[in-house]
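Here is a short briefing on ring contacts and charged pairs. Look through the structure below, then read on.

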Amino acid sequence: MKVIEIGIRINFSEEEVKYMFSKRIDEQLDLRILDHKHVYELYKVTDENRNYLSAWLPWVGETTGEDSTRNFIRNSLKHYADNTGLNCGIFYNNSIVGCIGFHGFDWANLKTSLGYWLAEAYQGKGIMTKSCITMIDYSIKELGFNRIEIRAGVENYKSRAIPERLNFKQEGILRKVEKVGDKYLDHVVYAMIADDWLTRESSISTKIEVVPYNPNWPLQFEQEKARLLEILHPKLVAIEHTGSTSVPRVDAKPIIDIFAAVRPFEESSVYAELLRESGYQLIETGMYGRYLFVKQSNGTRTHHLHILPEEGFYERNEFLFRDYLRAHPELVEEYGELKRNLSQQYSTDPEGYTRAKTSFIQRVVDRAREERGLPLQNVWEE
(Lines give C-alpha, C1' and ligand atoms only; values in the text may rest on other atoms or scores of the structure.)
Protein backbone atom coordinates (compact mmCIF):
# COMPACT_ATOMS: atom_id res chain seq x y z
CA MET A 1 0.00 0.00 0.00
CA LYS A 2 1.26 3.48 -0.86
CA VAL A 3 0.92 5.49 2.35
CA ILE A 4 0.76 9.28 2.16
CA GLU A 5 0.86 11.76 5.03
CA ILE A 6 -2.63 13.25 4.98
CA GLY A 7 -3.30 13.87 8.66
CA ILE A 8 -6.97 14.70 9.07
CA ARG A 9 -7.39 16.60 5.82
CA ILE A 10 -10.11 15.55 3.39
CA ASN A 11 -9.05 17.82 0.53
CA PHE A 12 -6.28 16.50 -1.74
CA SER A 13 -4.34 17.48 -4.79
CA GLU A 14 -4.53 15.42 -7.98
CA GLU A 15 -0.97 14.22 -7.29
CA GLU A 16 -2.01 12.84 -3.88
CA VAL A 17 -5.22 11.28 -5.15
CA LYS A 18 -3.48 9.22 -7.82
CA TYR A 19 -1.56 7.36 -5.10
CA MET A 20 -4.70 6.58 -3.13
CA PHE A 21 -6.56 3.28 -3.27
CA SER A 22 -8.82 2.62 -6.26
CA LYS A 23 -9.84 -0.56 -8.05
CA ARG A 24 -11.59 -0.76 -11.42
CA ILE A 25 -13.81 -3.87 -11.43
CA ASP A 26 -15.51 -3.55 -14.81
CA GLU A 27 -16.75 -0.88 -17.21
CA GLN A 28 -19.49 0.24 -14.82
CA LEU A 29 -18.10 -0.54 -11.39
CA ASP A 30 -15.13 0.67 -9.36
CA LEU A 31 -14.04 1.24 -5.77
CA ARG A 32 -12.41 4.50 -4.66
CA ILE A 33 -11.26 6.25 -1.53
CA LEU A 34 -13.76 8.95 -0.58
CA ASP A 35 -12.71 12.58 -0.04
CA HIS A 36 -14.30 16.02 0.45
CA LYS A 37 -15.97 16.18 -2.96
CA HIS A 38 -18.04 13.10 -2.11
CA VAL A 39 -19.63 14.40 1.11
CA TYR A 40 -22.91 15.60 -0.37
CA GLU A 41 -23.40 12.61 -2.66
CA LEU A 42 -22.61 10.05 0.05
CA TYR A 43 -24.93 11.72 2.55
CA LYS A 44 -27.68 11.92 -0.07
CA VAL A 45 -27.60 8.20 -0.90
CA THR A 46 -27.43 7.37 2.82
CA ASP A 47 -30.44 9.57 3.56
CA GLU A 48 -32.43 8.18 0.66
CA ASN A 49 -31.88 4.65 1.99
CA ARG A 50 -32.25 5.53 5.67
CA ASN A 51 -35.29 3.37 6.37
CA TYR A 52 -33.81 0.37 4.60
CA LEU A 53 -30.35 0.63 6.16
CA SER A 54 -31.39 1.54 9.70
CA ALA A 55 -32.76 -1.96 10.36
CA TRP A 56 -29.21 -3.36 10.41
CA LEU A 57 -26.68 -0.54 10.75
CA PRO A 58 -26.45 1.45 14.01
CA TRP A 59 -24.52 4.37 12.50
CA VAL A 60 -27.40 5.34 10.20
CA GLY A 61 -29.35 6.91 13.07
CA GLU A 62 -26.28 8.99 13.97
CA THR A 63 -25.87 10.27 10.41
CA THR A 64 -28.07 13.33 10.75
CA GLY A 65 -26.45 15.65 8.25
CA GLU A 66 -23.52 16.31 5.96
CA ASP A 67 -21.25 17.00 8.95
CA SER A 68 -21.70 13.38 10.06
CA THR A 69 -20.68 12.16 6.62
CA ARG A 70 -17.75 14.59 6.53
CA ASN A 71 -16.49 13.19 9.84
CA PHE A 72 -16.82 9.63 8.54
CA ILE A 73 -14.72 10.48 5.50
CA ARG A 74 -12.14 12.31 7.62
CA ASN A 75 -11.81 9.34 9.99
CA SER A 76 -11.62 6.89 7.09
CA LEU A 77 -8.78 8.84 5.54
CA LYS A 78 -6.97 8.95 8.87
CA HIS A 79 -7.19 5.16 9.15
CA TYR A 80 -5.96 4.81 5.58
CA ALA A 81 -3.00 7.13 6.22
CA ASP A 82 -2.13 5.27 9.43
CA ASN A 83 -2.43 1.88 7.69
CA THR A 84 -5.06 0.79 10.21
CA GLY A 85 -8.09 0.44 7.91
CA LEU A 86 -9.58 1.06 4.50
CA ASN A 87 -13.05 2.34 3.53
CA CYS A 88 -14.15 2.95 -0.04
CA GLY A 89 -17.10 4.23 -1.96
CA ILE A 90 -18.74 1.85 -4.41
CA PHE A 91 -19.17 3.72 -7.69
CA TYR A 92 -21.58 2.44 -10.33
CA ASN A 93 -21.52 4.46 -13.55
CA ASN A 94 -19.56 7.08 -11.58
CA SER A 95 -22.30 7.48 -8.94
CA ILE A 96 -21.91 6.44 -5.30
CA VAL A 97 -24.24 3.54 -4.55
CA GLY A 98 -22.73 2.22 -1.30
CA CYS A 99 -19.61 1.67 0.76
CA ILE A 100 -17.29 -1.23 1.52
CA GLY A 101 -14.34 -1.40 3.86
CA PHE A 102 -12.26 -3.15 6.48
CA HIS A 103 -13.01 -2.59 10.16
CA GLY A 104 -9.41 -2.19 11.22
CA PHE A 105 -6.22 -4.07 10.37
CA ASP A 106 -4.80 -6.50 12.92
CA TRP A 107 -1.25 -6.63 11.59
CA ALA A 108 0.03 -8.79 14.45
CA ASN A 109 -2.36 -11.61 13.53
CA LEU A 110 -2.85 -10.68 9.86
CA LYS A 111 -6.62 -10.57 10.10
CA THR A 112 -9.39 -8.07 9.36
CA SER A 113 -13.16 -7.78 9.07
CA LEU A 114 -15.09 -6.70 5.97
CA GLY A 115 -18.26 -4.60 6.09
CA TYR A 116 -20.49 -3.22 3.34
CA TRP A 117 -23.81 -1.63 2.41
CA LEU A 118 -25.54 -0.94 -0.89
CA ALA A 119 -28.41 1.30 -1.91
CA GLU A 120 -31.58 -0.75 -2.25
CA ALA A 121 -32.20 0.20 -5.89
CA TYR A 122 -28.84 -1.25 -6.95
CA GLN A 123 -29.21 -4.67 -5.42
CA GLY A 124 -29.55 -7.73 -7.61
CA LYS A 125 -26.90 -6.59 -10.11
CA GLY A 126 -23.94 -8.46 -8.61
CA ILE A 127 -22.39 -5.16 -7.50
CA MET A 128 -21.72 -6.10 -3.90
CA THR A 129 -20.44 -9.58 -4.62
CA LYS A 130 -17.96 -8.26 -7.18
CA SER A 131 -16.88 -5.54 -4.75
CA CYS A 132 -16.32 -8.07 -1.97
CA ILE A 133 -14.28 -10.34 -4.24
CA THR A 134 -12.09 -7.38 -5.19
CA MET A 135 -11.53 -6.36 -1.57
CA ILE A 136 -10.83 -9.91 -0.41
CA ASP A 137 -8.36 -10.41 -3.26
CA TYR A 138 -6.64 -7.17 -2.30
CA SER A 139 -6.45 -8.01 1.40
CA ILE A 140 -5.01 -11.49 0.79
CA LYS A 141 -2.86 -11.05 -2.31
CA GLU A 142 -1.56 -7.51 -1.80
CA LEU A 143 -1.73 -6.88 1.95
CA GLY A 144 -0.96 -10.45 2.96
CA PHE A 145 -3.82 -11.03 5.39
CA ASN A 146 -4.54 -14.58 6.49
CA ARG A 147 -8.08 -14.27 7.84
CA ILE A 148 -11.06 -12.22 6.67
CA GLU A 149 -14.25 -12.09 8.73
CA ILE A 150 -17.73 -11.00 7.70
CA ARG A 151 -20.42 -10.50 10.32
CA ALA A 152 -24.11 -9.97 9.63
CA GLY A 153 -27.39 -9.88 11.49
CA VAL A 154 -28.89 -13.35 11.75
CA GLU A 155 -32.02 -12.19 9.90
CA ASN A 156 -30.15 -9.99 7.41
CA TYR A 157 -30.33 -12.63 4.68
CA LYS A 158 -29.24 -10.36 1.84
CA SER A 159 -26.01 -9.49 3.63
CA ARG A 160 -25.44 -13.10 4.68
CA ALA A 161 -25.83 -14.26 1.09
CA ILE A 162 -22.48 -12.67 0.15
CA PRO A 163 -20.16 -14.77 2.37
CA GLU A 164 -22.28 -17.84 1.69
CA ARG A 165 -21.89 -17.42 -2.08
CA LEU A 166 -18.16 -16.93 -1.64
CA ASN A 167 -17.79 -20.12 0.42
CA PHE A 168 -16.93 -18.43 3.70
CA LYS A 169 -17.22 -20.82 6.62
CA GLN A 170 -19.93 -20.05 9.17
CA GLU A 171 -18.19 -20.21 12.54
CA GLY A 172 -20.93 -19.34 15.01
CA ILE A 173 -23.42 -16.82 16.33
CA LEU A 174 -22.68 -13.92 18.68
CA ARG A 175 -25.74 -13.28 20.80
CA LYS A 176 -27.05 -9.72 21.24
CA VAL A 177 -23.74 -8.27 20.11
CA GLU A 178 -24.91 -5.01 18.50
CA LYS A 179 -27.56 -2.48 19.51
CA VAL A 180 -29.52 -1.10 16.57
CA GLY A 181 -32.27 1.30 17.53
CA ASP A 182 -34.01 -0.09 20.60
CA LYS A 183 -33.04 -3.74 20.14
CA TYR A 184 -29.95 -5.96 20.25
CA LEU A 185 -29.04 -8.05 17.21
CA ASP A 186 -27.43 -11.47 17.06
CA HIS A 187 -24.63 -11.72 14.49
CA VAL A 188 -23.53 -14.66 12.36
CA VAL A 189 -19.74 -14.85 12.03
CA TYR A 190 -18.26 -16.03 8.73
CA ALA A 191 -14.54 -16.39 7.98
CA MET A 192 -12.28 -17.03 5.01
CA ILE A 193 -8.68 -18.21 5.40
CA ALA A 194 -6.14 -17.17 2.77
CA ASP A 195 -5.22 -20.74 1.79
CA ASP A 196 -8.88 -21.62 1.25
CA TRP A 197 -9.46 -18.51 -0.88
CA LEU A 198 -6.45 -19.20 -3.08
CA THR A 199 -7.30 -22.91 -3.36
CA ARG A 200 -10.88 -22.03 -4.27
CA GLU A 201 -9.60 -19.76 -7.01
CA SER A 202 -7.07 -22.17 -8.48
CA SER A 203 -9.34 -25.22 -8.32
CA ILE A 204 -11.81 -23.81 -10.84
CA SER A 205 -10.65 -24.59 -14.35
CA THR A 206 -11.14 -21.72 -16.80
CA LYS A 207 -9.85 -23.28 -20.04
CA ILE A 208 -12.47 -23.38 -22.80
CA GLU A 209 -12.55 -26.75 -24.56
CA VAL A 210 -15.28 -27.53 -27.10
CA VAL A 211 -15.57 -31.17 -28.19
CA PRO A 212 -17.83 -33.07 -30.63
CA TYR A 213 -21.27 -34.05 -29.38
CA ASN A 214 -21.25 -37.13 -27.16
CA PRO A 215 -24.43 -39.28 -27.26
CA ASN A 216 -23.71 -40.32 -23.65
CA TRP A 217 -24.38 -36.81 -22.34
CA PRO A 218 -28.16 -37.33 -21.91
CA LEU A 219 -27.43 -40.56 -19.99
CA GLN A 220 -24.98 -38.69 -17.74
CA PHE A 221 -27.73 -36.18 -17.02
CA GLU A 222 -30.23 -38.89 -16.13
CA GLN A 223 -27.74 -40.50 -13.76
CA GLU A 224 -27.07 -37.20 -11.99
CA LYS A 225 -30.77 -36.37 -11.96
CA ALA A 226 -31.49 -39.54 -10.00
CA ARG A 227 -28.87 -38.56 -7.40
CA LEU A 228 -30.18 -35.01 -7.08
CA LEU A 229 -33.79 -36.13 -6.74
CA GLU A 230 -32.72 -38.11 -3.70
CA ILE A 231 -30.46 -35.41 -2.23
CA LEU A 232 -32.83 -32.45 -2.69
CA HIS A 233 -36.12 -34.17 -1.91
CA PRO A 234 -38.66 -32.80 -1.03
CA LYS A 235 -37.51 -29.28 -2.00
CA LEU A 236 -37.00 -30.18 -5.67
CA VAL A 237 -40.06 -29.65 -7.91
CA ALA A 238 -38.49 -29.80 -11.41
CA ILE A 239 -35.14 -30.72 -12.93
CA GLU A 240 -34.02 -30.26 -16.55
CA HIS A 241 -31.01 -30.85 -18.78
CA THR A 242 -29.95 -27.56 -20.42
CA GLY A 243 -26.96 -26.12 -22.21
CA SER A 244 -25.32 -27.42 -25.35
CA THR A 245 -24.95 -30.98 -24.03
CA SER A 246 -28.76 -31.17 -24.05
CA VAL A 247 -29.04 -30.50 -27.82
CA PRO A 248 -28.22 -33.40 -30.18
CA ARG A 249 -25.28 -32.87 -32.55
CA VAL A 250 -24.10 -29.60 -30.99
CA ASP A 251 -20.37 -29.42 -30.20
CA ALA A 252 -19.99 -28.39 -26.58
CA LYS A 253 -17.87 -28.07 -23.50
CA PRO A 254 -18.19 -31.51 -21.84
CA ILE A 255 -20.10 -30.17 -18.85
CA ILE A 256 -23.62 -31.30 -17.99
CA ASP A 257 -25.77 -28.24 -17.24
CA ILE A 258 -28.68 -28.92 -14.91
CA PHE A 259 -31.45 -26.52 -13.92
CA ALA A 260 -33.38 -27.37 -10.76
CA ALA A 261 -36.50 -25.58 -9.50
CA VAL A 262 -37.08 -25.64 -5.76
CA ARG A 263 -39.94 -24.77 -3.45
CA PRO A 264 -39.39 -22.66 -1.41
CA PHE A 265 -36.34 -20.80 -2.75
CA GLU A 266 -34.12 -20.48 0.34
CA GLU A 267 -30.68 -19.14 1.20
CA SER A 268 -27.75 -20.72 -0.65
CA SER A 269 -26.41 -22.22 2.58
CA VAL A 270 -29.42 -24.58 2.73
CA TYR A 271 -28.49 -26.20 -0.60
CA ALA A 272 -24.76 -26.00 0.04
CA GLU A 273 -25.21 -28.15 3.13
CA LEU A 274 -27.39 -30.69 1.30
CA LEU A 275 -24.98 -30.95 -1.63
CA ARG A 276 -21.72 -30.88 0.28
CA GLU A 277 -21.20 -34.65 0.44
CA SER A 278 -21.97 -35.10 -3.27
CA GLY A 279 -19.03 -32.95 -4.38
CA TYR A 280 -20.82 -29.75 -5.41
CA GLN A 281 -19.20 -26.39 -4.62
CA LEU A 282 -21.10 -23.11 -4.52
CA ILE A 283 -19.64 -20.60 -7.00
CA GLU A 284 -20.37 -16.88 -7.08
CA THR A 285 -21.87 -15.65 -10.36
CA GLY A 286 -23.12 -12.23 -9.27
CA MET A 287 -26.59 -13.06 -10.66
CA TYR A 288 -29.64 -12.44 -8.53
CA GLY A 289 -32.20 -15.17 -7.84
CA ARG A 290 -30.14 -18.22 -8.77
CA TYR A 291 -27.29 -20.26 -7.32
CA LEU A 292 -24.57 -22.08 -9.23
CA PHE A 293 -22.99 -25.24 -7.86
CA VAL A 294 -20.05 -26.86 -9.65
CA LYS A 295 -18.97 -30.49 -9.53
CA GLN A 296 -15.46 -31.47 -10.55
CA SER A 297 -13.44 -34.61 -11.24
CA ASN A 298 -9.64 -34.45 -11.08
CA GLY A 299 -9.77 -30.65 -11.24
CA THR A 300 -12.06 -30.56 -14.31
CA ARG A 301 -15.66 -29.40 -14.20
CA THR A 302 -18.18 -32.11 -15.02
CA HIS A 303 -21.53 -30.67 -13.89
CA HIS A 304 -23.11 -27.25 -13.41
CA LEU A 305 -26.17 -27.25 -11.16
CA HIS A 306 -28.30 -24.10 -11.23
CA ILE A 307 -30.84 -23.83 -8.42
CA LEU A 308 -33.72 -21.46 -9.09
CA PRO A 309 -37.18 -20.58 -7.77
CA GLU A 310 -40.16 -22.44 -9.21
CA GLU A 311 -41.89 -19.32 -10.51
CA GLY A 312 -41.33 -18.79 -14.24
CA PHE A 313 -39.02 -21.79 -14.43
CA TYR A 314 -40.16 -23.10 -17.84
CA GLU A 315 -40.25 -19.66 -19.42
CA ARG A 316 -36.53 -19.15 -18.86
CA ASN A 317 -34.43 -18.27 -21.89
CA GLU A 318 -32.24 -21.34 -21.40
CA PHE A 319 -35.17 -23.68 -22.07
CA LEU A 320 -36.50 -21.60 -24.95
CA PHE A 321 -33.04 -21.65 -26.57
CA ARG A 322 -32.64 -25.40 -26.04
CA ASP A 323 -36.06 -26.26 -27.44
CA TYR A 324 -35.71 -23.95 -30.45
CA LEU A 325 -32.39 -25.53 -31.42
CA ARG A 326 -33.86 -29.01 -31.04
CA ALA A 327 -36.65 -28.02 -33.44
CA HIS A 328 -34.36 -26.25 -35.96
CA PRO A 329 -31.40 -28.47 -36.83
CA GLU A 330 -30.19 -25.98 -39.45
CA LEU A 331 -29.11 -23.73 -36.56
CA VAL A 332 -27.21 -26.52 -34.81
CA GLU A 333 -24.37 -26.54 -37.33
CA GLU A 334 -24.11 -22.74 -37.24
CA TYR A 335 -23.96 -22.73 -33.46
CA GLY A 336 -21.40 -25.53 -33.33
CA GLU A 337 -19.10 -23.75 -35.76
CA LEU A 338 -19.43 -20.51 -33.80
CA LYS A 339 -18.51 -22.27 -30.56
CA ARG A 340 -15.48 -23.96 -32.10
CA ASN A 341 -14.16 -20.67 -33.45
CA LEU A 342 -14.77 -18.77 -30.24
CA SER A 343 -13.15 -21.49 -28.13
CA GLN A 344 -9.94 -20.86 -30.05
CA GLN A 345 -10.21 -17.10 -29.75
CA TYR A 346 -11.17 -17.06 -26.05
CA SER A 347 -9.45 -20.24 -24.86
CA THR A 348 -8.64 -18.82 -21.40
CA ASP A 349 -11.35 -16.15 -21.13
CA PRO A 350 -14.67 -17.75 -20.11
CA GLU A 351 -16.55 -14.46 -19.81
CA GLY A 352 -15.27 -13.27 -23.19
CA TYR A 353 -16.32 -16.60 -24.73
CA THR A 354 -19.80 -16.34 -23.23
CA ARG A 355 -20.28 -12.70 -24.24
CA ALA A 356 -19.15 -13.45 -27.80
CA LYS A 357 -21.92 -16.05 -28.15
CA THR A 358 -24.57 -13.64 -26.93
CA SER A 359 -25.65 -12.16 -30.27
CA PHE A 360 -26.41 -15.63 -31.70
CA ILE A 361 -28.23 -16.74 -28.56
CA GLN A 362 -30.19 -13.47 -28.43
CA ARG A 363 -31.31 -13.94 -32.02
CA VAL A 364 -32.54 -17.48 -31.38
CA VAL A 365 -34.25 -16.60 -28.08
CA ASP A 366 -36.01 -13.62 -29.69
CA ARG A 367 -37.49 -15.97 -32.30
CA ALA A 368 -38.55 -18.46 -29.64
CA ARG A 369 -40.19 -15.82 -27.46
CA GLU A 370 -42.03 -14.31 -30.43
CA GLU A 371 -43.40 -17.73 -31.41
CA ARG A 372 -44.74 -18.25 -27.88
CA GLY A 373 -46.11 -14.74 -27.55
CA LEU A 374 -43.67 -13.84 -24.78
CA PRO A 375 -42.11 -10.39 -24.38
CA LEU A 376 -38.54 -10.04 -25.61
CA GLN A 377 -35.88 -10.23 -22.93
CA ASN A 378 -32.14 -9.66 -22.68
CA VAL A 379 -30.36 -13.03 -22.46
CA TRP A 380 -27.25 -11.63 -20.74
CA GLU A 381 -27.83 -11.71 -16.98
CA GLU A 382 -25.84 -9.37 -14.74
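F102 is buried, at 2% relative accessible area. Buried means under 20% relative accessible area, exposed means over 50%, and partly exposed lies in between (1.4 Å probe, protein chains only). This is a predicted model: local features need pLDDT of at least 70, side-chain atom pairs count only at pLDDT 80 or more, and totals for chains, interfaces and linings use all residues. Residues are numbered from 1 along each chain as its sequence is written, and side-chain values use heavy atoms, leaving out hydrogens and water.

**Aromatic rings**

- Rings of Phe, Tyr and Trp (its six-membered ring) pair if their centres lie within 6.5 Å; planes under 30 degrees apart count as stacked, over 60 as edge-to-face and the rest as tilted.
- The whole structure holds 17 aromatic pairs.
- One of them is tilted: F102 and F105 sit 5.8 Å centre to centre, with 50° between the planes.
- F105 is buried too, at 11% relative accessibility.
- F313 and F319 form an edge-to-face pair, because their planes meet at 70° with the ring centres 4.9 Å apart.
- F313 is buried at 3%, and F319 is buried at 1%.
- F102, F105, W107 and F145 are linked into a cluster by ring pairs.

**A charge over a ring**

- R32 lies over the face of F91, 3.9 Å from the ring centre.
- The rule: NZ of Lys or CZ of Arg must be within 6 Å of the ring centre and within 35 degrees of the ring normal.

**Salt bridges**

- A salt bridge is a side-chain nitrogen of Lys or Arg within 4 Å of a carboxyl oxygen of Asp or Glu.
- The count is 27 salt bridges.
- E48 bridges to K44, with the closest N and O atoms 2.6 Å apart.
- Both E48 and K44 lie in helix 2 (residues 39-48), four residues apart, or about one turn of the helix.
- Helices (H or I, at least four residues) and strands (E, at least two) are DSSP runs, numbered from the N terminus.
- E48 is exposed at 55%, whereas K44 is partly exposed at 38%.
- D47 bridges to R50, with the closest N and O atoms 3.0 Å apart.
- D47 is partly exposed at 37%, and R50 is partly exposed at 21%.

- R322 and E240 meet in a salt bridge of 3.0 Å, N to O.
- R322 is in helix 10 (residues 317-327) and E240 is in strand 9 (residues 236-242), so the pair ties together parts that are 82 residues apart in sequence.
- R322 is buried, at 7% relative accessibility.
- Salt bridges with shared partners join E240, R322, D323, R326 and R372 into one network.
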